[in-house]
Amino acid sequence: MHIAVINRWPRFHTGPRWDFSLGRFEDLINHQHHQVSYIVDAVGATGVLADPAQIADLVEIDDLSDFEAVCGAVQKITDHVGPVDRIVAVSEATLAIAAEVRAALGIPGPRPEDVALYRNKLRMKEAVAEAGIRAPRFASCDSAESTAESAVDFARATGFPLILKPVSGAGSRGVHRVEDEAALTTLLEQIDTGDYELEEYIEGPIYHVDGFVGEDSQIPFMAVSRYVNDCLAFEAAGQPLGSVIVQASPLRSRVEEFARKCVSALNMASMPFHLELFVTAEEDLVFLEIAGRIGGAEVPYLTEKVFGINLFEPWLAAFSDEKVTIPSVTGDPSGGWLIIPKPEDLPARVVTATSMRQKCPTVWRELVPEAGEVLPVGGSYDAVHSGRFILVGDEADVEEDIRRIIADFHIETVRVSE
């Protein structure tokens with residue numbers, strides 16, 4: 001089989017960073033059994049660590065979201081090596097383009113209509129609602145039946161606050177909590193309404209479920225976690241974001257069954273998933289969104305540490321048409337993670353930053369910038385933030401240490417000129 005991997009991720013060979021260490025294409029795709037080619041941008045090229053003698057071809061392009069450029073890269077590889085049988089894409093940012101290229105070139109694998117079910121927030125909520133799963137009330141901001149005026153009508157009928165968010169995207173980038181009609185009207189004038197939706201605000205903590213869906217939409221592995229704070233507070237207000245793996249309880253069992261219904265409603269198969277849901281004060285479960293990929297932030301690293309499962313391994317096996325195996329999990333382990341975002345005034349040079357290892361015994365890994373290091377503008381969850389922590393232990397102990405880090409962690413920085 002000839003496999004083309006689209007890669008935009010770097011790899012860090014030295015130092016304390018662990019980002020992208022689990023998506024080891026050179027180890028998880030058999031380069032001797034298969035022909036393996038790569039399509040990369042400049043950053044992604046640094047993440048290709050296979051022996052050059054085992055790489056069928058490598059094409060670097062400027063923009064991995066450029067449909068014509070990616071199609072051209074596939075054609076160049078085809079001319080040089082032979083027809084491509086599979087296209088592998090494991091980043092949220094490349095799932096859609098890979099599906100479009102497969103459809104255009106007749107390569108087997110998920111098509112745009114398949115990917116839309118777990119990328120388009122309107123489509124996914126429509127599907128789960130049709131399956132009888134509770135989801136927030138929602139409306140497109142721009143369609144034949146939903147102009148800006150009808151978006152305001154929806155808001156009046158639903159009530160404030162509301163959530164205004166991009167139809168596609170990851171994390172909470174571009175998401176707004178809208179408090180009143182005046183704020184909504186202003187925002188609708190500032191955005192491309194065709195790319196946005198309005199959603200009922202649901203009160204309650206947010207949980208996430210990370211796992212792998214088999215060929216028959218069964219879930220051989222999943223882990224239920226509860227966020228500490230939420231993604232919107234991290235993106236919009238610079239608040240710390242954390243998560244704790246939930247140990248056995250009646251609520252966890254209900255969330256697991258909820259996850260099974262969601263992946264079945266979306267016809268997901270042979271892929272990882274990252275599901276988010278609300279748990280209301282009455283313990284009602286309400287769908288938030290789902291992604292057909294491995295969870296971001298520290299999710300994959302904690303999953304491997306706590307459960308011994310690298311979710312990239314079954315995913316890449318499924319892409320390669322090889323047998324998918326999931327190691328069995330024993331016991332009822334827990335762990336968690338925490339990211340304390342960069343300071344607001346960037347770029348900034350670190351003067352001092354607090355290690356929390358001595359104060360918090362559940363800390364397994366921490367990434368705290370050293371004095372003199374400059375924190376640049378930009379970056380997602382995997383950037384070098386003010387502090388990143390992965391913790392392992394019982395659920396209560398881990399959450400206690402997460403809250404202790406939030407309370408006691410200190411970083412001092414000074415702004416530097418760009």
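Four strands form an open sheet in the order E5-E8-E6-E7, and their pairing is antiparallel. Two strands count as paired if DSSP finds at least two bridges between them. Strand E5 (138–140) and strand E7 (176–178) stand at the edges with a single partner strand each, so one side of each has no neighbour in the sheet.

Before I continue, please note that this is a predicted model: local features need pLDDT of at least 70, side-chain atom pairs count only at pLDDT 80 or more, and totals for chains, interfaces and linings use all residues. Residues are numbered from 1 along each chain as its sequence is written, and side-chain values use heavy atoms, with hydrogens and water left out.

Strand E6 (residues 162–166) pairs with E7 in the antiparallel sense over three bridges. Within this pairing, Leu162 stands opposite Val178 in E7.

Two helices pack on this sheet. Helix H6 (residues 121–130) touches E5, E6 and strand E8 (196–200), and its direction makes about 140° with that of E5. Helix H8 (residues 181–190) touches E6, E7 and E8, and its direction makes about 140° with that of E7. Contact here means heavy atoms within 4.5 Å.

I turn now to the parallel sheet. This is an open sheet of four strands in the order E3-E2-E1-E4, with parallel pairing. Which strands stand at the edges? They are strand E3 (57–60) and strand E4 (86–89), each with a single partner strand, so one side of each is left without a neighbour in the sheet. From one strand to the next, the twist averages 20°. Strand E1 (residues 2–7) runs parallel to E4 and is joined to E4 by four bridges. Ile6 stands opposite Ala89 in E4. Helix H4 lies across E1 and E4, running at about 170° to E4.

H4 also takes part in a helix crossing. The axes of helix H3 (residues 67–80) and helix H4 (residues 92–105) come within 10 Å and cross at roughly 55°. H3 and H4 are therefore oblique to each other; angles under 35 degrees count as roughly parallel, over 145 as roughly antiparallel, 65 to 115 as roughly perpendicular and the rest as oblique. From H3, the contact involves Phe67, Val70, Cys71 and Val74; from H4, Ile97, Glu100, Val101, Ala104 and Leu105.

Next, the aromatic rings. Rings of Phe, Tyr and Trp (its six-membered ring) pair if their centres lie within 6.5 Å; planes under 30 degrees apart count as stacked, over 60 as edge-to-face and the rest as tilted. By this rule there are seven aromatic pairs. One of them joins Phe25 and Tyr38, an edge-to-face pair at 6.3 Å centre to centre with 65° between the planes. Phe25 lies in helix H1 (residues 25–28) and Tyr38 in strand E2 (residues 35–40), so the pair ties together parts that are 13 residues apart in sequence.

Finally, the backbone. Most residues other than glycine have a negative phi, and most peptide bonds are trans. Phe20, in the loop between E1 and H1, has a positive phi of about 65° although it is not a glycine. A cis peptide bond joins Phe160 and Pro161, with omega about 0°; Pro161 lies in the loop between helix H7 (148–158) and E6. A cis peptide bond also joins Leu346 and Pro347, with omega about -5°. Pro347 is in the loop between strand E14 (335–340) and strand E15 (348–353).

Terms used
Axes fitted to C-alpha atoms, helices over the stretch in contact; angles between N-to-C directions.
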